Every structure is written in C-alpha cells, then in structure tokens.
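Thanks, everyone. I'll take helix packing, then aromatic rings. Please bring up the structure.

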Amino acid sequence: MRTYAPASADAVLARLLDEPSLARGVVHHALLAARAAETAPIPSWVDPRIRAALAQQGITALYTHQAEALEAVRAGRDVCVVTPTASGKSLCYELPVLQALAENPSARALWLFPTKALGEDQVAAFRSLAGAAGLAIAAATYDGDTPAPIRSSIRTAGQVVVTNPDMLHAAILPHHTKWFQLFEQVQVIVIDELHTYRGLFGSHVANVLRRLLRICRHYGSNPVIVTCSATIANPGELATALTGRTPLVVDRNGAPSGERHLLFVDPPVIDAASGARGSALTLAQRWALPFIRAGRQTIVFARSRTAVEVVLTGLRESLRQHLGPRTRVRGYRGGYLPTERRSIEAGLRDGHVLGVVSTNALELGVDIGRLDVSVLAGYPGSVAGTWQQIGRAGRRQDVSVSILVASAAPVDQYVIHHPEFLLEGAPEEARVDPDNLHVLLAHLRAATFEMPFDPGEVFGQGPADDLLAFIAESGHVHEGEDGRWYWSSENFPASEISLRTAAPENVVIIDTTPDRPRVLGEVDLFSAQVLVHQHAIYMHESIQYHVDRLEWGERKAYVHRIDADHYTYANRAVTLKPIDVFGAGPATGGRRVHGEVMVASLVTFYKKLKFGTDENVGWGPIDLPEIELQTTAYWVAADALPGRWRREELDVALLGAGRAMQTVASVLLMVDPRDLGLVAQVRSPHSEAPTIYLYEAVPGGVGMSERLWNRHDELVAGAADLIAACACESGCPSCTGPRASGGEADLDARRLALRLLEELGAGVASRARSVGAA
C-alpha cells in the first residue's frame with residue numbers, strides 16, 4: 001500500500017502553507033503571472049529542409065527574440081541574447097549555423113561552453129535538428145577526453161567544433177596551423193553562458209578571444225559572434241569587454257511561461273544570542289518531500305557534493321519510511337559517471353525520475369525536460385544563477401513552485417530579506433578587466449608564440465610594442481630586423497597560464513592517496529598561505545584532504561584524502577598601505593576613495609573548528625614567509641570619530657560594518673566574498689581617520705574597486721539593511737561576522753556597526769532609495 005497520492009503543485013503548496021512550522025519561515029511569497037508567447041514568422045530565406053525539421057518538432061513560428069537574433073546574424077551583426085532559462089536561446093545560434101552550412105557545407109562554426117556536459121548536450125540537440133533536416137553535418141566536442149584519432153578528424157573535417165575556453169587557450173590556438181580549415185572558414189562563433197565569464201576568469205577569457213580573433217584575421221575570416229547570457233545588469237557591456245566588439249542586445253523575451261509561486265524561506269533562529277539558525281538542508285528537504293510524494297517532478301539544488309548526498313539520503317529515508325517512490329529520487333553531481341548522468345537526464349525528461357538533488361551542474365542549459373518544483377538549498381551566489389535554478393521548474397504552461405531556502409551565510413541573509421533584489425530588475429553586474437597587466441602580459445606571450453607581432457599591431461587597448469619590449473628583457477621575445485616581434489624561448493607559454501589565477505606562480509597540489517600521485521589542482525601564492533599550509537584541511541569538490549607538507553620553495557603541497565569532523569581556519573595578519581589614488585570624492589560622514597594598494601600578508605597560526613558548531617578543538621603554528629600583493633581597493637574614511645567613540649567600540653564597529661559591506665559588495669558584483677579582502681583600521685596612516693578597506697584578492701585587480709566606489713551609497717545602505725534585518729541580539733556570523741574574543745566579546749557589535757553605518761549615511765541612502773522606488 002502506498003501513502004502518497006497525486007496532487008497539483010499549487011494544491012501541495014496550499015497544504016504546506018497551512019503548516020505553521022513551515023509557514024512562519026516564509027519571509028516573502030510572490031506570485032508571478034503567466035505570460036503568453038510573442039511570436040514571429042520563420043523568415044522566408046530559411047532553407048525549406050530546416051523549416052520542415054522545425055515543423056517536426058512542433059515549431060511553426062519563432063519567438064520574437066529568436067526571430068530578431070536570426071535576422072541580425074543574417075545581416076552580419078554580432079548579437080547578445082539575454083532571456084530567461086528555457087526561452088529557446090539555443091535556436092538563436094543553432095538556426096544561423098544550420099542555415100550557413102545548408103548554403104555552404106565548407107563553412108565552419110566554433111561554439112564555446114563553460115562546461116563539458118553542456119557542450120555535449122548542445123551537440124546532441126544540434127545533431128538531432130540537422131538529422132531531421134536531412135543535413136549530414138559533422139558536429140563534435142573537442143575537449144580533454146576526446147581520443148587522439150577523433151581529434152585529428154575534427155581538426156580537418158569538423159564543421160561545428162564545440163569546446164571550452166581552456167581547450168581553446170591551450171590546445172587549439174597554439175596549434176592553429178593544424179586548424180586552418182576552421183579558421184579560414186569560420187562564420188559564426190558562439191559564446192554561451194556569457195555571465196559566467198566574469199572577474200579574473202572572464203579577464204583571461206577576454207584575452208583568449210583577442211588571440212582567437214587575431215588568428216581569424218590572419219586566415220582572412222571575420223566571423224559573427226553570438227553570445228547568450230542570463231539576465232544581468234550589463235550584458236552588452238560585458239559582451240563588448242569580452243569580445244572587443246559592440247553587439248546588438250536582444251533582451252525582449254517572447255517565450256511563454258506559466259504562473260509561478262516564488263517563496264523566500266528563512267530557517268528559524270535557534271539561539272537569539274548567537275544568531276544560530278536551523279539547517280537550510282533539513283528545511284529544503286521538508287519543503288521538497290510533499291511535492292515528490294504528490295508525484296510532482298522536483299529538483300533540489302544544493303551548494304556542494306556533500307550537501308547533495310545529505311539531502312538525497314534524507315529524502316530517500318523519509319520516502320522509505322512512508323512507502324514513497326524512493327527509487328525515483330536521484331542525485332546528480334560531478335563525480336558521477338557520464339552514463340549515469342545521461343540516464344538521470346533521460347529519466348527526468350520521460351518522467352520516470354520524480355526528484356533529483358543536484359549541485360549547480362544542472363543549473364546551466366542541460367536538457368532535463370519540464371519540472372514542476374525547484375527548491376534551492378542556499379542562495380546560488382548570483383541573481384543570474386538563482387533565476388537559472390528557479391527556471392528549471394515551470395517549463396510548460398502549468399503552475400510551478402520555486403522555493404529559495406536561505407542558509408545562515410551573510411550573503412543568503414541579505415538576499416532573503418531583500419526580495420526586490422531578485423524580483424525587481426537586475427542590479428548585479430558582471431565585471432572583467434582584460435587589461436589587468438598580469439593577465440595581459442601572459443596572453444601577449446602566448447599570442448607572440450602563435451604568430452609574430454607586426455610593428456604597431458594592436459593587442460588590447462593599444463599597440464603592443466612597449467609591452468613586447470618589456471617581455472623582451474626576459475629573453476622570451478626579440479625584435480627582428482624587419483621590426484616584427486618573434487617568440488624566442490623554448491617554453492610553451494600557454495601551458496604556464498591558468499585561466500583561473502592571475503599570479504605567474506601558483507602552488508601545485510599533489511594528491512598522494514592513490515598509488516600514483518596525481519595533481520589535484522593549484523592555488524595562487526596569496527591563497528596558498530591559508531588553504532594549503534602544513535596540517536591544513538583542504539577541501540576540493542567537497543572532499544577533504546590533509547596537507548602533509550607544503551614545500552614553499554618548490555611551490556608544491558602534498559596532501560592525502562581523509563574524513564575529518566573539523567576544518568581549519570588560518571589567521572592571516574594583513575597590513576595595507578595605499579600607493580596611489582585613482583578617484584576620491586566626498587561622502588556622508590567621510591570620504592570614498594579607490595586606488596592602488598600594497599597588501600602584506602603573514603599567516604602565523606591556524607584553528608581547528610568543528611563542522612556545524614565552529615567549536616575550537618585545537619590550533620597549530622604556521623611558519624611561512626610574508627608575501628605582498630599589489631592590487632586595487634575601495635575604501636571609506638570616516639570623519640574624525642574617535643572623540644565620540646571609545647577605542648574598543650570603534651574597533652568592533654569598523655569590523656562589523658566592514659564585514660557587512662564585504663557581503664553586500666559580493667552580491668552586487670556577482671563574486672565570491674573571498675574575492676574581496678577586508679582591512680579595518682581605527683586610525684589609517686594614509687587618511688589619519690577610521691577607515692574600512694575592501695581590496696581585490698587578485699594581483700592588479702579586475703575593476704571591482706572602481707565599481708564599489710561608484711556604488712558607495714548603495715553599499716553602505718545595503719550593509720545597514722543586512723544588519724538591521726538580522727534576528728540576532730548583538731551581532732552574529734550572519735551579519736557582523738564571528739564574535740570577537742577578550743573584552744570586546746561583551747560589546748554589542750550589531751548596535752555599534754549600525755551606529756557607524758548611520759553616521760556614514762546609511763539612513764540617507766536608504767531613504768533616497770525608497771523615494772526612487774516609489
């Protein structure tokens with residue numbers, strides 16, 4: 001006998017909202033109205049075979065954004081398509097490429113996807129469409145798993161080459177002479193999931209694209225670039241920064257959507273004094289379970305592999321106890337075999353799989369059909385990512401339900417108490433700085449290896465001669481008698497560049513657990529101090545590793561796999577000294593500044609903290625040299641406050657306000673909070689005033705500090721809102737950060753941080769924002 005019965009998603013939701021223990025956690029409940037489709041006829045110039053293939057799939061007209069993009073690409077214009085998940089963005093590039101190949105089989109296309117799974121999925125969909133049109137097209141994925149014989153055939157005969165930025169950077173561009181058929185005939189370049197190329201990674205990818213377009217020009221091609229992005233505040237600006245070209249932004253969505261319930265849920269406060277909250281994973285499981293029992297296809301997104309397994313185990317155990325469909329609930333994350341992942345995807349499409357618990361591996365456009373409910377166990381880290389996960393439910397006209405369950409993390413708490421941040425526009429921005437000198441010089445070396453530079457040839461914002469002369473001092477390039485710049489080193493420069501780090505030197509992490517040691521990954525020197533010091537617990541894809549030794553001189557860390565009940569937290573002593581001021585201006589209660597700084601970092605000891613409780617269970621010394629980071633920073637210097645404040649109060653206020661500003665800054669700029677470092681000084685030697693610094697944890701910076709300087713009022717007001725909305729009594733890790741030790745532990749960090757932010761204009765900024773919204 002089964003104890004579950006089918007019910008509609010809105011009926012299940014109504015029952016859940018009648019349950020007091022769940023209903024009291026709902027901070028906001030929005031009902032998003034259904035939207036009808038806006039269509040346009042398929043252009044008459046589209047090949048009849050393609051029109052017939054579309055008709056077989058039930059497509060007799062295009063959504064308006066698809067038609068607009070198609071006509072623009074046909075006219076030779078670059079396009080940036082910005083529409084929600086499941087709005088048919090893929091057709092915006094599949095149709096132009098298919099049409100080009102129908103007209104000229106020797107044409108080529110290059111597609112870039114951030115993940116291998118997404119690339120494979122799009123290749124399968126494209127082959128299906130091409131096959132239905134009766135077109136024999138060679139479309140293939142070229143990545144690290146592609147066998148050598150197949151690689152050769154893709155190079156010579158691949159009409160649509162699908163790869164990722166890392167392979168393009170290291171395996172295709174340096175060997176462009178083997179790819180001349182592609183570069184001579186390439187007509188369309190596709191860059192999907194544009195919003196993922198931000199920060200340091202995006203800055204590297206922008207330079208990879210500079211190298212790509214330089215090689216295309218060499219072979220005489222001038223491809224159209226089609227970019228696709230989730231909704232962010234500056235898609236056109238980001239596309240221009242990445243490609244160096246200005247696209248037509250297509251952002252009027254013509255796709256239909258059903259009615260959607262969107263709930264913001266906050267776990268209950270367990271201890272008001274410390275601000276401790278219930279588990280987001282447990283609460284997400286409670287919300288998801290009734291929908292699965294009612295036969296509603298449900299996806300639960302968790303932040304890590306470990307969290308996926310915890311939620312999956314809980315759901316299956318609950319269903320087993322109540323004779324529910326436990327075998328129809330699956331997990332989906334990195335580490336599963338490709339065949340297993342394909343099986344789960346197919347099960348979601350055909351309805352056999354009722355529930356899936358996934359990391360963000362299913363956030364991007366992998367085809368998993370149409371689901372009814374999405375539950376997010378924790379804020380995904382960006383508005384764009386949140387809408388992509390929410391958009392996994394409601395892919396048809398039916399009513400759908402999406403539930404965002406916050407964790408106790410400060411970023412989650414800020415978002416959950418500011419529903420307008422998700423519902424009203426897209427204030428977050430994706431930022432890149434392709435001209436970061438560390439990044440630019442690395443790719444200039446790689447570009448010179450690929451082809452000599454002519455005198456006065458532009459790479460980036462201007463001629464590359466001065467930078468090449470600088471590189472020549474190290475002997476890697478030389479100026480020939482013809483005035484051109486040639487590569488003159490035996491090194492392979494692309495192999496020395498990681499697209500995810502800026503420092504020329506990284507620490508390589510070597511896993512000694514297996515019989516044959518393997519490289520696990522690498523971290524930059526600045527991060528290595530706190531992540532891979534001796535006896536650290538290093539987390540890689542949610543797996544724990546113990547650092548046996550760190551060979552600082554060799555830049556190698558040796559680790560082995562363990563299962564511990566604690567993690568390590570290294571205490572970093574940071575001193576910061578401004579070097580140059582790029583911009584300064586008055587602000588309420590002080591001055592706002594951005595400029596160049598030198599950050600000196602010395603790590604002296606580490607703590608062992610238990611998972612869940614953060615209980616200190618031990619410590620140990622760290623013996624590493626001090627290192628320096630030259631980067632950019634934003635800072636706010638308060639007017640002469642000390643006379644009105646006791647020294648210990650000001651210490652606590654600066655740190656609490658700074659941590660809240662760091663949280664809000666990471667939300668506004670779509671970055672991990674760890675990408676921004678915090679230094680608070682009661683009396684800064686530079687400004688001779690109490691000062692809060694937010695510095696970029698990347699050599700040279702990637703433009704974030706300037707944006708924070710421009711958005712100063714928003715930042716201060718948001719920090720005050722975050723602290724004011726917190727349910728704690730006197731400050732906690734969710735708002736002002738971990739409590740201080742010693743005498744400062746008795747001070748009310750919440751009240752003091754709010755007082756300081758008010759003096760810095762938080763109240764003025766909040767009122768101005770309210771008036772603007774009204």
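Start with the contact between α8 and α10. From α8, Pro 165, Leu 168 and His 169 take part. On the α10 side they meet Phe 201, Val 205, Val 208, Arg 211 and Leu 212. This is a predicted model, so keep that in mind throughout. Helix α8 covers residues 165–172, and helix α10 covers residues 199–218. Their axes come within 10 Å. The crossing angle is roughly 45°. The two helices are therefore oblique to each other. As for handedness, α8 passes α10 in a left-handed crossing.

Next helix pair. Helix α21 spans residues 647–668, and helix α23 spans residues 712–725. Here the axes come within 8 Å and cross at roughly 110°. That makes α21 roughly perpendicular to α23. The crossing of α21 past α23 is right-handed. Which residues of α21 meet α23? They are Gly 656, Ala 657, Ala 660, Met 661, Thr 663, Val 664, Ala 665 and Leu 668. Their partners in α23 are Glu 714, Leu 715, Val 716, Gly 718, Ala 719, Leu 722 and Ile 723.

Now the rings. A pair of aromatic rings is described by the distance of the centres and the angle of the planes. The count in this model comes to 12 aromatic pairs. One of them is Tyr 93 with Trp 111. Their centres are 5.1 Å apart, with 75° between the planes, and the pair is edge-to-face. Where do these two residues lie? Tyr 93 is in helix α5, residues 91–103, and Trp 111 is in strand β5, residues 108–112. So the pair ties together parts that are 18 residues apart in sequence. Buried or exposed, Tyr 93 and Trp 111? Both are buried. They also belong to one aromatic cluster, together with Phe 113 and Phe 126.

A second pair: Tyr 414 and Phe 421. The ring centres are 6.2 Å apart and the planes are at 75°. Planes over 60 degrees apart count as edge-to-face, so this pair is edge-to-face. Tyr 414 is buried, at 4% relative accessible area. Phe 421 is buried as well, at 6%.

Last item: charges over rings. Arg 151 lies over the face of Tyr 142, 5.2 Å from the ring centre. Arg 210 has its charged end over the ring of Phe 459, at 6.0 Å from the centre.

That's my list. Over to you.

Definitions and conventions: Residues are numbered from 1 along each chain as its sequence is written. This is a predicted model: local features need pLDDT of at least 70, side-chain atom pairs count only at pLDDT 80 or more; totals for chains, interfaces and linings use all residues. Side-chain values use heavy atoms; hydrogens and water are left out. Rings of Phe, Tyr and Trp (its six-membered ring) pair if their centres lie within 6.5 Å; planes under 30 degrees apart count as stacked, over 60 as edge-to-face and the rest as tilted. Helices (H or I, at least four residues) and strands (E, at least two) are DSSP runs, numbered from the N terminus. Buried means under 20% relative accessible area, exposed over 50%, partly exposed in between (1.4 Å probe, protein chains only). A charge sits over a ring if NZ of Lys or CZ of Arg is within 6 Å of the ring centre and within 35 degrees of the ring normal. Axes are lines fitted to C-alpha atoms, for helices over the stretch in contact, and angles run from 0 to 180 degrees between N-to-C directions. Angles under 35 degrees count as roughly parallel, over 145 as roughly antiparallel, 65 to 115 as roughly perpendicular and the rest as oblique. A crossing is left-handed if the near helix is turned anticlockwise from the far one by less than a right angle, and right-handed if clockwise. Contact means heavy atoms within 4.5 Å.
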